Amino acid sequence: MPSPSSPSPSSPAAAQPSAALLRKAVAHLAPVVPILTELGQLFAGAGHEIALVGGPVRDAFLGRTSPDLDFTTSAAPDQTQRLLAGWGDAHWDIGKEFGTIGARRGDVTVEVTTYRADAYDHQTRKPIVAFGDNLEDDLVRRDFTMNAMALRLPSLEFVDPYAGLTDLARKVLRTPGSPEVSFADDPLRMMRAARFAAQLGAHLDPAVEQAMRERAKTLQIISAERIRDEFTKLLLAPEPRAGLEILVDTGLADQMLPELPALKLEVDEHHRHKDVYEHSLIVLEQAIALEGPPDGPAESVPAPDLVLRLAALLHDIGKPPTRKFEEGGGVSFHHHEVVGAKMTAKRLKALRYDKETVKAVARLVELHLRFHGYGEGQWTDSAVRRYITDAGPLLQRLHRLTRSDSTTRNQRKAQRLSRTYDELEARIVRLQEQEELGRVRPELDGNQISEVLGIKPGPLLGRAYKYLLSVRLDEGPIGEDAAKERLLQWWADQPESRPL
(Lines give C-alpha, C1' and ligand atoms only; values in the text may rest on other atoms or scores of the structure.)
Protein backbone atom coordinates (compact mmCIF):
# COMPACT_ATOMS: atom_id res chain seq x y z
CA MET A 1 0.00 0.00 0.00
CA PRO A 2 1.44 3.42 -0.85
CA SER A 3 2.58 5.41 2.16
CA PRO A 4 2.94 9.16 2.70
CA SER A 5 6.36 10.70 2.77
CA SER A 6 7.85 12.21 5.89
CA PRO A 7 7.43 15.95 6.35
CA SER A 8 10.38 18.26 5.94
CA PRO A 9 11.93 19.03 9.33
CA SER A 10 11.33 22.75 8.81
CA SER A 11 7.76 22.31 7.59
CA PRO A 12 4.46 21.84 9.42
CA ALA A 13 3.59 18.22 10.12
CA ALA A 14 2.53 16.69 6.85
CA ALA A 15 -0.97 15.32 6.45
CA GLN A 16 -1.28 11.59 7.07
CA PRO A 17 -4.04 10.40 4.73
CA SER A 18 -5.80 7.26 5.81
CA ALA A 19 -5.42 4.20 3.63
CA ALA A 20 -9.07 4.56 2.64
CA LEU A 21 -8.63 8.23 1.65
CA LEU A 22 -5.56 7.46 -0.40
CA ARG A 23 -7.31 4.53 -2.11
CA LYS A 24 -10.23 6.80 -2.92
CA ALA A 25 -7.94 9.43 -4.45
CA VAL A 26 -6.05 6.86 -6.51
CA ALA A 27 -9.36 5.32 -7.59
CA HIS A 28 -10.42 8.72 -8.90
CA LEU A 29 -7.30 8.68 -11.05
CA ALA A 30 -8.24 5.22 -12.38
CA PRO A 31 -8.80 6.36 -15.99
CA VAL A 32 -5.20 7.62 -16.21
CA VAL A 33 -3.49 5.09 -13.91
CA PRO A 34 -2.27 3.06 -16.95
CA ILE A 35 -0.60 6.23 -18.30
CA LEU A 36 0.88 7.03 -14.87
CA THR A 37 2.23 3.52 -14.51
CA GLU A 38 3.62 3.44 -18.02
CA LEU A 39 5.38 6.79 -17.72
CA GLY A 40 6.68 5.85 -14.27
CA GLN A 41 8.18 2.63 -15.56
CA LEU A 42 9.58 4.39 -18.66
CA PHE A 43 11.46 7.01 -16.63
CA ALA A 44 12.47 4.61 -13.85
CA GLY A 45 13.84 2.21 -16.44
CA ALA A 46 16.06 5.03 -17.71
CA GLY A 47 17.26 5.77 -14.20
CA HIS A 48 15.12 8.87 -13.53
CA GLU A 49 12.53 9.86 -10.93
CA ILE A 50 9.11 11.12 -12.04
CA ALA A 51 6.03 12.21 -10.09
CA LEU A 52 2.51 13.42 -10.81
CA VAL A 53 2.28 16.83 -9.18
CA GLY A 54 0.05 19.80 -8.45
CA GLY A 55 -3.54 20.15 -9.65
CA PRO A 56 -4.20 16.52 -10.64
CA VAL A 57 -3.17 15.31 -7.17
CA ARG A 58 -5.18 18.01 -5.40
CA ASP A 59 -8.24 17.32 -7.54
CA ALA A 60 -8.01 13.57 -6.92
CA PHE A 61 -8.48 14.20 -3.19
CA LEU A 62 -11.38 16.54 -4.01
CA GLY A 63 -13.03 13.86 -6.14
CA ARG A 64 -12.65 15.98 -9.27
CA THR A 65 -11.16 15.30 -12.67
CA SER A 66 -8.26 17.54 -13.62
CA PRO A 67 -8.00 18.39 -17.34
CA ASP A 68 -4.20 18.45 -17.24
CA LEU A 69 -1.56 15.93 -16.24
CA ASP A 70 1.56 17.64 -14.94
CA PHE A 71 4.70 15.76 -14.01
CA THR A 72 8.07 16.65 -12.55
CA THR A 73 11.23 14.63 -13.06
CA SER A 74 14.91 14.37 -12.25
CA ALA A 75 15.61 13.91 -15.97
CA ALA A 76 17.16 16.78 -17.88
CA PRO A 77 15.00 18.33 -20.65
CA ASP A 78 16.94 16.58 -23.44
CA GLN A 79 16.54 13.22 -21.68
CA THR A 80 12.81 13.84 -21.17
CA GLN A 81 12.41 14.76 -24.82
CA ARG A 82 14.04 11.53 -25.99
CA LEU A 83 11.82 9.44 -23.71
CA LEU A 84 8.58 11.19 -24.70
CA ALA A 85 9.47 11.09 -28.40
CA GLY A 86 9.40 7.30 -28.22
CA TRP A 87 6.28 7.19 -26.04
CA GLY A 88 3.83 9.69 -27.56
CA ASP A 89 2.12 10.18 -30.88
CA ALA A 90 3.52 13.71 -30.88
CA HIS A 91 5.76 15.80 -28.67
CA TRP A 92 6.89 19.44 -28.48
CA ASP A 93 9.64 21.42 -26.80
CA ILE A 94 8.12 24.90 -26.74
CA GLY A 95 8.82 25.17 -22.99
CA LYS A 96 12.24 23.48 -23.12
CA GLU A 97 14.04 26.64 -21.99
CA PHE A 98 12.18 26.29 -18.70
CA GLY A 99 12.57 22.52 -18.53
CA THR A 100 9.12 21.56 -19.87
CA ILE A 101 8.48 19.03 -22.62
CA GLY A 102 4.95 18.21 -23.79
CA ALA A 103 3.56 15.10 -25.43
CA ARG A 104 0.27 13.66 -26.61
CA ARG A 105 -0.81 10.06 -26.82
CA GLY A 106 -4.31 9.45 -28.09
CA ASP A 107 -6.50 11.99 -26.32
CA VAL A 108 -4.16 12.36 -23.32
CA THR A 109 -1.78 15.32 -23.13
CA VAL A 110 1.05 15.46 -20.60
CA GLU A 111 3.69 17.99 -19.62
CA VAL A 112 6.89 16.89 -17.90
CA THR A 113 9.15 19.49 -16.25
CA THR A 114 12.61 18.96 -14.84
CA TYR A 115 12.93 19.60 -11.08
CA ARG A 116 13.23 23.35 -10.70
CA ALA A 117 14.96 25.69 -8.28
CA ASP A 118 14.20 29.00 -9.99
CA ALA A 119 15.14 32.48 -8.94
CA TYR A 120 13.70 35.71 -10.38
CA ASP A 121 15.03 39.20 -10.92
CA HIS A 122 11.83 40.59 -9.30
CA GLN A 123 11.78 43.42 -11.83
CA THR A 124 10.60 41.79 -15.05
CA ARG A 125 9.48 38.48 -13.54
CA LYS A 126 11.79 36.66 -15.92
CA PRO A 127 13.04 33.46 -14.28
CA ILE A 128 16.69 32.67 -13.94
CA VAL A 129 16.29 29.00 -14.68
CA ALA A 130 18.12 26.58 -12.41
CA PHE A 131 17.26 22.91 -12.33
CA GLY A 132 17.01 21.09 -9.00
CA ASP A 133 17.91 17.57 -7.97
CA ASN A 134 15.08 16.42 -5.67
CA LEU A 135 11.30 16.42 -5.48
CA GLU A 136 10.94 18.19 -2.12
CA ASP A 137 12.92 21.22 -3.27
CA ASP A 138 10.83 21.34 -6.43
CA LEU A 139 7.62 21.30 -4.41
CA VAL A 140 8.66 24.22 -2.17
CA ARG A 141 8.75 26.56 -5.19
CA ARG A 142 5.09 25.92 -6.01
CA ASP A 143 2.37 28.45 -5.33
CA PHE A 144 0.36 26.90 -2.46
CA THR A 145 0.73 23.88 -0.24
CA MET A 146 -2.40 22.24 -1.64
CA ASN A 147 -0.62 22.28 -5.02
CA ALA A 148 2.67 21.03 -3.53
CA MET A 149 1.55 17.40 -3.18
CA ALA A 150 2.79 14.64 -5.46
CA LEU A 151 2.52 10.95 -6.30
CA ARG A 152 5.81 9.26 -7.06
CA LEU A 153 5.59 6.95 -10.05
CA PRO A 154 5.15 4.14 -10.71
CA SER A 155 4.76 3.31 -6.97
CA LEU A 156 1.99 5.92 -6.35
CA GLU A 157 3.77 6.92 -3.12
CA PHE A 158 2.10 10.04 -1.72
CA VAL A 159 4.50 12.93 -1.04
CA ASP A 160 3.33 15.88 1.05
CA PRO A 161 6.26 17.63 2.78
CA TYR A 162 4.39 20.90 3.37
CA ALA A 163 1.08 19.65 4.81
CA GLY A 164 -0.90 20.39 1.69
CA LEU A 165 -3.54 17.77 2.44
CA THR A 166 -4.21 19.32 5.84
CA ASP A 167 -4.58 22.76 4.24
CA LEU A 168 -6.83 21.30 1.54
CA ALA A 169 -9.10 19.82 4.20
CA ARG A 170 -9.13 23.15 6.07
CA LYS A 171 -9.60 25.06 2.79
CA VAL A 172 -6.76 27.40 3.65
CA LEU A 173 -4.34 28.91 1.13
CA ARG A 174 -0.81 28.80 2.52
CA THR A 175 2.51 28.95 0.67
CA PRO A 176 5.09 26.16 1.10
CA GLY A 177 7.75 28.73 1.96
CA SER A 178 7.62 32.39 2.91
CA PRO A 179 4.69 34.11 1.14
CA GLU A 180 6.80 37.24 0.63
CA VAL A 181 9.40 35.21 -1.27
CA SER A 182 6.75 33.25 -3.17
CA PHE A 183 4.95 36.39 -4.36
CA ALA A 184 8.24 38.09 -5.16
CA ASP A 185 9.06 35.11 -7.39
CA ASP A 186 5.77 35.47 -9.26
CA PRO A 187 3.27 38.22 -8.28
CA LEU A 188 0.58 36.51 -10.36
CA ARG A 189 0.34 33.96 -7.54
CA MET A 190 -1.56 36.61 -5.58
CA MET A 191 -4.29 36.64 -8.22
CA ARG A 192 -4.20 32.86 -8.23
CA ALA A 193 -5.00 32.95 -4.51
CA ALA A 194 -8.14 34.95 -5.28
CA ARG A 195 -9.00 32.51 -8.06
CA PHE A 196 -8.66 29.48 -5.77
CA ALA A 197 -10.93 31.21 -3.25
CA ALA A 198 -13.55 31.46 -6.01
CA GLN A 199 -13.01 27.94 -7.35
CA LEU A 200 -12.47 25.96 -4.14
CA GLY A 201 -14.10 28.08 -1.45
CA ALA A 202 -10.70 28.46 0.23
CA HIS A 203 -9.67 31.33 2.50
CA LEU A 204 -6.34 33.07 2.92
CA ASP A 205 -3.83 32.23 5.61
CA PRO A 206 -3.23 35.49 7.57
CA ALA A 207 0.43 35.59 6.52
CA VAL A 208 -0.58 35.15 2.88
CA GLU A 209 -3.16 37.93 3.10
CA GLN A 210 -0.66 40.31 4.73
CA ALA A 211 1.95 39.58 2.07
CA MET A 212 -0.64 40.21 -0.67
CA ARG A 213 -1.52 43.59 0.81
CA GLU A 214 2.14 44.56 1.06
CA ARG A 215 3.08 43.37 -2.43
CA ALA A 216 -0.08 44.25 -4.40
CA LYS A 217 1.72 46.93 -6.43
CA THR A 218 4.20 44.38 -7.78
CA LEU A 219 1.38 43.01 -9.96
CA GLN A 220 2.35 45.84 -12.31
CA ILE A 221 5.26 43.80 -13.67
CA ILE A 222 2.94 41.01 -14.85
CA SER A 223 1.73 41.07 -18.46
CA ALA A 224 -1.86 42.04 -19.15
CA GLU A 225 -2.44 38.70 -20.88
CA ARG A 226 -1.48 36.65 -17.80
CA ILE A 227 -3.62 38.86 -15.57
CA ARG A 228 -6.55 38.54 -17.99
CA ASP A 229 -6.33 34.76 -18.00
CA GLU A 230 -6.35 34.55 -14.19
CA PHE A 231 -9.19 37.06 -13.94
CA THR A 232 -11.23 35.10 -16.49
CA LYS A 233 -10.76 31.85 -14.57
CA LEU A 234 -11.86 33.64 -11.41
CA LEU A 235 -15.00 35.05 -13.04
CA LEU A 236 -15.96 31.68 -14.49
CA ALA A 237 -15.58 29.96 -11.09
CA PRO A 238 -18.61 28.78 -9.08
CA GLU A 239 -18.27 31.60 -6.50
CA PRO A 240 -16.51 34.55 -8.14
CA ARG A 241 -17.65 36.96 -5.43
CA ALA A 242 -15.22 35.49 -2.89
CA GLY A 243 -12.29 36.02 -5.26
CA LEU A 244 -13.37 39.51 -6.26
CA GLU A 245 -13.60 40.57 -2.62
CA ILE A 246 -10.03 39.37 -2.09
CA LEU A 247 -8.85 41.37 -5.11
CA VAL A 248 -10.47 44.50 -3.70
CA ASP A 249 -9.56 43.99 -0.03
CA THR A 250 -5.87 43.30 -0.71
CA GLY A 251 -5.43 46.16 -3.20
CA LEU A 252 -4.83 43.91 -6.21
CA ALA A 253 -7.90 45.28 -7.97
CA ASP A 254 -6.40 48.78 -7.72
CA GLN A 255 -3.67 47.53 -10.05
CA MET A 256 -5.67 45.57 -12.63
CA LEU A 257 -9.33 46.65 -12.32
CA PRO A 258 -9.45 49.97 -10.42
CA GLU A 259 -13.02 50.62 -11.56
CA LEU A 260 -14.22 47.89 -9.17
CA PRO A 261 -12.99 49.33 -5.84
CA ALA A 262 -14.04 52.78 -7.13
CA LEU A 263 -17.64 51.55 -6.84
CA LYS A 264 -17.27 51.89 -3.07
CA LEU A 265 -18.69 55.39 -3.23
CA GLU A 266 -18.49 57.47 -0.09
CA VAL A 267 -21.81 57.02 1.71
CA ASP A 268 -23.05 60.46 2.77
CA GLU A 269 -24.53 61.03 6.20
CA HIS A 270 -28.09 60.90 4.87
CA HIS A 271 -27.49 57.58 3.03
CA ARG A 272 -28.95 58.99 -0.16
CA HIS A 273 -27.69 56.20 -2.36
CA LYS A 274 -26.97 52.52 -2.00
CA ASP A 275 -23.57 50.85 -1.99
CA VAL A 276 -22.83 50.44 -5.70
CA TYR A 277 -20.01 47.96 -5.04
CA GLU A 278 -22.24 45.64 -3.04
CA HIS A 279 -25.03 46.10 -5.58
CA SER A 280 -22.70 45.07 -8.42
CA LEU A 281 -21.62 41.89 -6.62
CA ILE A 282 -25.26 40.97 -6.00
CA VAL A 283 -26.13 41.62 -9.65
CA LEU A 284 -23.29 39.29 -10.64
CA GLU A 285 -24.58 36.56 -8.33
CA GLN A 286 -28.13 36.97 -9.64
CA ALA A 287 -26.96 36.88 -13.26
CA ILE A 288 -25.08 33.65 -12.59
CA ALA A 289 -28.25 32.15 -11.13
CA LEU A 290 -30.06 32.93 -14.40
CA GLU A 291 -27.52 31.19 -16.63
CA GLY A 292 -28.69 28.02 -18.32
CA PRO A 293 -27.24 24.52 -17.84
CA PRO A 294 -23.70 24.10 -19.23
CA ASP A 295 -24.95 21.85 -22.02
CA GLY A 296 -28.07 23.91 -22.75
CA PRO A 297 -28.95 25.63 -26.05
CA ALA A 298 -27.37 29.00 -26.87
CA GLU A 299 -30.59 30.88 -26.11
CA SER A 300 -30.41 29.67 -22.50
CA VAL A 301 -27.01 31.41 -22.05
CA PRO A 302 -25.20 28.26 -20.85
CA ALA A 303 -23.07 28.58 -17.73
CA PRO A 304 -20.50 29.88 -17.22
CA ASP A 305 -20.92 32.84 -19.59
CA LEU A 306 -18.00 35.28 -19.54
CA VAL A 307 -19.77 38.10 -21.43
CA LEU A 308 -22.77 38.11 -19.09
CA ARG A 309 -20.60 37.94 -15.98
CA LEU A 310 -18.33 40.77 -17.10
CA ALA A 311 -21.34 42.92 -17.96
CA ALA A 312 -23.01 42.22 -14.62
CA LEU A 313 -19.87 43.14 -12.70
CA LEU A 314 -19.10 46.28 -14.72
CA HIS A 315 -22.56 47.59 -15.58
CA ASP A 316 -22.41 50.48 -13.09
CA ILE A 317 -18.74 51.51 -13.35
CA GLY A 318 -19.89 54.76 -14.95
CA LYS A 319 -21.57 55.86 -11.71
CA PRO A 320 -18.56 57.27 -9.81
CA PRO A 321 -17.56 59.75 -12.53
CA THR A 322 -21.18 60.81 -13.19
CA ARG A 323 -22.39 61.13 -9.59
CA LYS A 324 -23.99 64.48 -8.82
CA PHE A 325 -25.65 65.65 -5.61
CA GLU A 326 -28.86 67.42 -6.52
CA GLU A 327 -30.60 70.23 -4.68
CA GLY A 328 -33.09 68.81 -2.25
CA GLY A 329 -30.95 65.85 -1.27
CA GLY A 330 -31.07 63.61 -4.32
CA VAL A 331 -28.20 61.90 -6.09
CA SER A 332 -28.07 61.42 -9.86
CA PHE A 333 -25.88 59.42 -12.24
CA HIS A 334 -26.99 60.87 -15.57
CA HIS A 335 -25.80 58.92 -18.63
CA HIS A 336 -23.73 56.57 -16.50
CA GLU A 337 -24.59 53.74 -18.87
CA VAL A 338 -22.97 55.58 -21.81
CA VAL A 339 -19.92 56.61 -19.78
CA GLY A 340 -19.73 53.10 -18.32
CA ALA A 341 -19.77 51.48 -21.75
CA LYS A 342 -16.77 53.56 -22.82
CA MET A 343 -14.94 52.79 -19.56
CA THR A 344 -15.72 49.09 -19.96
CA ALA A 345 -14.30 48.98 -23.48
CA LYS A 346 -11.16 50.82 -22.38
CA ARG A 347 -10.51 48.52 -19.42
CA LEU A 348 -11.18 45.28 -21.30
CA LYS A 349 -8.90 46.41 -24.13
CA ALA A 350 -6.18 47.15 -21.56
CA LEU A 351 -6.62 43.59 -20.26
CA ARG A 352 -6.20 42.33 -23.84
CA TYR A 353 -9.65 40.78 -24.23
CA ASP A 354 -10.59 39.99 -27.81
CA LYS A 355 -12.57 42.50 -29.87
CA GLU A 356 -15.78 40.47 -29.86
CA THR A 357 -15.84 40.21 -26.06
CA VAL A 358 -15.04 43.92 -25.62
CA LYS A 359 -17.78 44.94 -28.04
CA ALA A 360 -20.40 42.63 -26.53
CA VAL A 361 -19.76 43.56 -22.89
CA ALA A 362 -19.65 47.30 -23.62
CA ARG A 363 -22.92 47.05 -25.58
CA LEU A 364 -24.67 45.30 -22.68
CA VAL A 365 -23.43 47.98 -20.28
CA GLU A 366 -24.77 50.65 -22.64
CA LEU A 367 -28.19 48.96 -22.88
CA HIS A 368 -28.68 47.87 -19.27
CA LEU A 369 -30.93 50.83 -18.39
CA ARG A 370 -33.07 50.74 -21.54
CA PHE A 371 -35.84 48.71 -19.89
CA HIS A 372 -36.47 51.39 -17.28
CA GLY A 373 -38.10 53.54 -19.95
CA TYR A 374 -40.72 50.85 -20.43
CA GLY A 375 -42.70 52.05 -17.42
CA GLU A 376 -45.92 50.08 -17.05
CA GLY A 377 -45.85 48.92 -20.64
CA GLN A 378 -46.14 52.26 -22.45
CA TRP A 379 -43.69 51.25 -25.18
CA THR A 380 -45.11 51.05 -28.66
CA ASP A 381 -44.38 48.05 -30.85
CA SER A 382 -41.85 50.31 -32.58
CA ALA A 383 -39.96 50.80 -29.30
CA VAL A 384 -39.99 47.05 -28.64
CA ARG A 385 -38.64 46.40 -32.14
CA ARG A 386 -35.79 48.82 -31.48
CA TYR A 387 -35.02 47.10 -28.18
CA ILE A 388 -34.75 43.78 -30.03
CA THR A 389 -32.63 45.06 -32.89
CA ASP A 390 -30.35 47.18 -30.68
CA ALA A 391 -29.62 44.11 -28.54
CA GLY A 392 -29.20 41.87 -31.58
CA PRO A 393 -27.55 38.56 -30.65
CA LEU A 394 -27.10 39.83 -27.06
CA LEU A 395 -30.85 39.86 -26.38
CA GLN A 396 -30.92 36.79 -24.13
CA ARG A 397 -27.98 38.10 -22.12
CA LEU A 398 -29.66 41.50 -21.88
CA HIS A 399 -32.79 39.83 -20.50
CA ARG A 400 -30.72 38.25 -17.73
CA LEU A 401 -28.68 41.37 -17.00
CA THR A 402 -31.81 43.53 -16.76
CA ARG A 403 -33.55 41.11 -14.41
CA SER A 404 -30.40 40.80 -12.28
CA ASP A 405 -30.12 44.56 -11.93
CA SER A 406 -33.08 44.62 -9.56
CA THR A 407 -31.65 44.32 -6.03
CA THR A 408 -34.37 46.19 -4.15
CA ARG A 409 -35.42 44.77 -0.79
CA ASN A 410 -38.95 46.03 -1.39
CA GLN A 411 -40.67 42.78 -2.35
CA ARG A 412 -43.70 44.52 -3.82
CA LYS A 413 -41.51 46.65 -6.08
CA ALA A 414 -39.37 43.65 -7.06
CA GLN A 415 -42.44 41.62 -7.99
CA ARG A 416 -43.85 44.51 -10.02
CA LEU A 417 -40.59 44.90 -11.97
CA SER A 418 -40.48 41.16 -12.60
CA ARG A 419 -44.05 41.07 -13.88
CA THR A 420 -43.40 44.04 -16.15
CA TYR A 421 -40.35 42.42 -17.66
CA ASP A 422 -42.31 39.18 -18.09
CA GLU A 423 -44.78 41.19 -20.13
CA LEU A 424 -42.01 42.78 -22.22
CA GLU A 425 -40.45 39.39 -22.95
CA ALA A 426 -43.85 38.04 -24.00
CA ARG A 427 -44.30 41.00 -26.37
CA ILE A 428 -40.84 40.38 -27.80
CA VAL A 429 -41.67 36.74 -28.49
CA ARG A 430 -44.95 37.70 -30.18
CA LEU A 431 -43.32 40.32 -32.39
CA GLN A 432 -40.44 38.00 -33.29
CA GLU A 433 -42.89 35.29 -34.30
CA GLN A 434 -44.92 37.73 -36.38
CA GLU A 435 -42.07 39.55 -38.06
CA GLU A 436 -38.90 37.43 -37.67
CA LEU A 437 -37.17 40.45 -36.12
CA GLY A 438 -33.96 38.53 -35.64
CA ARG A 439 -33.46 39.02 -39.39
CA VAL A 440 -35.24 42.35 -39.84
CA ARG A 441 -34.18 44.29 -42.93
CA PRO A 442 -35.58 47.28 -44.86
CA GLU A 443 -38.13 46.26 -47.47
CA LEU A 444 -35.79 47.48 -50.21
CA ASP A 445 -32.27 46.15 -50.45
CA GLY A 446 -29.19 48.13 -51.45
CA ASN A 447 -29.57 47.40 -55.16
CA GLN A 448 -33.22 48.48 -55.16
CA ILE A 449 -32.42 51.71 -53.29
CA SER A 450 -29.64 52.48 -55.79
CA GLU A 451 -32.04 51.90 -58.70
CA VAL A 452 -34.89 54.00 -57.23
CA LEU A 453 -32.66 56.97 -56.40
CA GLY A 454 -30.17 56.60 -59.22
CA ILE A 455 -27.18 56.71 -56.90
CA LYS A 456 -24.08 54.56 -56.59
CA PRO A 457 -23.00 52.57 -53.52
CA GLY A 458 -21.46 54.79 -50.86
CA PRO A 459 -22.25 56.78 -47.69
CA LEU A 460 -25.38 58.31 -49.24
CA LEU A 461 -26.83 54.90 -50.04
CA GLY A 462 -25.97 53.86 -46.45
CA ARG A 463 -28.00 56.80 -45.10
CA ALA A 464 -30.95 55.82 -47.28
CA TYR A 465 -30.75 52.22 -46.12
CA LYS A 466 -30.65 53.37 -42.48
CA TYR A 467 -33.73 55.55 -43.05
CA LEU A 468 -35.74 52.65 -44.50
CA LEU A 469 -34.65 50.47 -41.60
CA SER A 470 -36.02 53.06 -39.15
CA VAL A 471 -39.32 53.05 -41.08
CA ARG A 472 -39.42 49.27 -40.87
CA LEU A 473 -38.80 49.34 -37.11
CA ASP A 474 -41.30 52.12 -36.46
CA GLU A 475 -44.15 50.86 -38.61
CA GLY A 476 -43.53 47.21 -39.29
CA PRO A 477 -43.93 45.76 -42.82
CA ILE A 478 -45.53 48.31 -45.18
CA GLY A 479 -44.81 46.66 -48.56
CA GLU A 480 -42.30 47.51 -51.30
CA ASP A 481 -44.47 50.10 -53.06
CA ALA A 482 -45.06 52.09 -49.89
CA ALA A 483 -41.37 51.78 -49.01
CA LYS A 484 -40.44 53.28 -52.43
CA GLU A 485 -42.83 56.20 -51.80
CA ARG A 486 -41.33 56.86 -48.38
CA LEU A 487 -37.81 56.63 -49.79
CA LEU A 488 -38.60 59.20 -52.50
CA GLN A 489 -40.18 61.52 -49.92
CA TRP A 490 -37.04 61.25 -47.81
CA TRP A 491 -34.84 61.83 -50.89
CA ALA A 492 -36.71 65.02 -51.78
CA ASP A 493 -35.59 66.51 -48.45
CA GLN A 494 -31.91 65.67 -48.99
CA PRO A 495 -29.58 68.40 -50.29
CA GLU A 496 -27.97 65.89 -52.66
CA SER A 497 -31.25 65.53 -54.56
CA ARG A 498 -31.42 69.19 -55.52
CA PRO A 499 -29.97 70.34 -58.84
CA LEU A 500 -26.89 72.57 -58.67
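This report describes the fold, core, aromatic pairs and selected local features of a predicted protein model.

## Basis of the description

The model is predicted: local features require pLDDT of at least 70 and side-chain atom pairs count only at pLDDT 80 or more, whereas totals for chains, interfaces and linings use all residues. Residues are numbered from 1 along each chain as its sequence is written, and side-chain values use heavy atoms, with hydrogens and water left out.

## Overall architecture

The protein chain contains 23 helices and 13 strands; these are DSSP runs numbered from the N terminus, helices being H or I of at least four residues and strands E of at least two. Along the principal axes, its C-alpha atoms fill a box of roughly 90 × 60 × 45 Å. Of the 500 residues, 49% count as buried, a term that means under 20% relative accessible area, with exposed meaning over 50% and partly exposed lying in between (1.4 Å probe, protein chains only). Contact means heavy atoms within 4.5 Å. Among contacts between residues at least 6 apart in sequence, 64% join residues at least 24 apart.

The chain exposes about 24,200 Å², and carbon and sulfur atoms supply 51% of this area; accessible areas come from the Shrake-Rupley method with a 1.4 Å probe, and for residues only the protein chains shown count as cover. The mean positions of the 64 positive and 72 negative charges are 2 Å apart. Here Lys and Arg count as positive and Asp and Glu as negative, while His and the chain ends are not counted; each charge is placed at NZ of Lys, CZ of Arg, CG of Asp or CD of Glu.

## Nonpolar cores

A nonpolar core is a set of buried Ala, Val, Leu, Ile, Met, Phe, Trp, Tyr and Cys residues joined through side-chain atoms within 4.5 Å. The largest such core has 112 residues, and those with the most contacts inside it are Phe 71, Phe 231, Leu 244, Leu 247 and Leu 313. Helix H8 (residues 188-200) contributes the largest share of this core, nine residues. Apart from this core lies another, of 14 residues, among them Leu 460, Leu 461, Leu 468 and Ala 483.

Leaving aside neighbours within four places in sequence, Leu 313 is in contact with Phe 231, Leu 235, Leu 244, Leu 257, Leu 260, Leu 263, Ser 280, Leu 281 and Leu 284. Helix H11 (residues 240-250) is largely enclosed by the rest of the structure, because eight of its 11 residues are buried. The buried residues of H11 include Leu 244 and Leu 247, as well as Pro 240 and Arg 241. Just after H11, Gly 251 takes a positive phi of about 90°. Pro 240 is also touched by Ile 288, which touches Arg 309 as well when residues up to four places away in sequence are not counted. Ile 288 has its place in helix H13 (residues 276-289).

## Aromatic pairs

Rings of Phe, Tyr and Trp (its six-membered ring) pair if their centres lie within 6.5 Å; planes under 30 degrees apart count as stacked, over 60 as edge-to-face and the rest as tilted. The count by this rule is six aromatic pairs. Phe 144 and Phe 196 form an edge-to-face pair, at 6.0 Å centre to centre and 85° between the planes. This pair links distant parts of the chain, 52 residues apart: Phe 144 is in the loop between helix H5 (135-140) and strand S8 (150-153), and Phe 196 is in helix H8. Both Phe 144 and Phe 196 are buried.

The pair of Trp 379 and Tyr 387 is tilted, because the ring centres are 5.3 Å apart and the planes stand at 55°. Trp 379 and Tyr 387 are both buried. Tyr 467, Trp 490 and Trp 491 form one aromatic cluster.

## Backbone features in loops

A cis peptide bond joins Leu 153 and Pro 154, with omega about 5°; Pro 154 is found in the loop between S8 and strand S9 (157-159). Another cis peptide bond joins Ala 303 and Pro 304, with omega about -10°, and Pro 304 is found in the loop between H13 and helix H14 (306-314).

Val 301 lies in the loop between H13 and H14 and has a positive phi of about 55° although it is not a glycine. Val 301 counts as buried, at 3% relative accessibility. His 335, in the loop between strand S13 (331-332) and helix H16 (336-350), has a positive phi near 65°. His 335 is exposed, with a relative accessible area of 57%.
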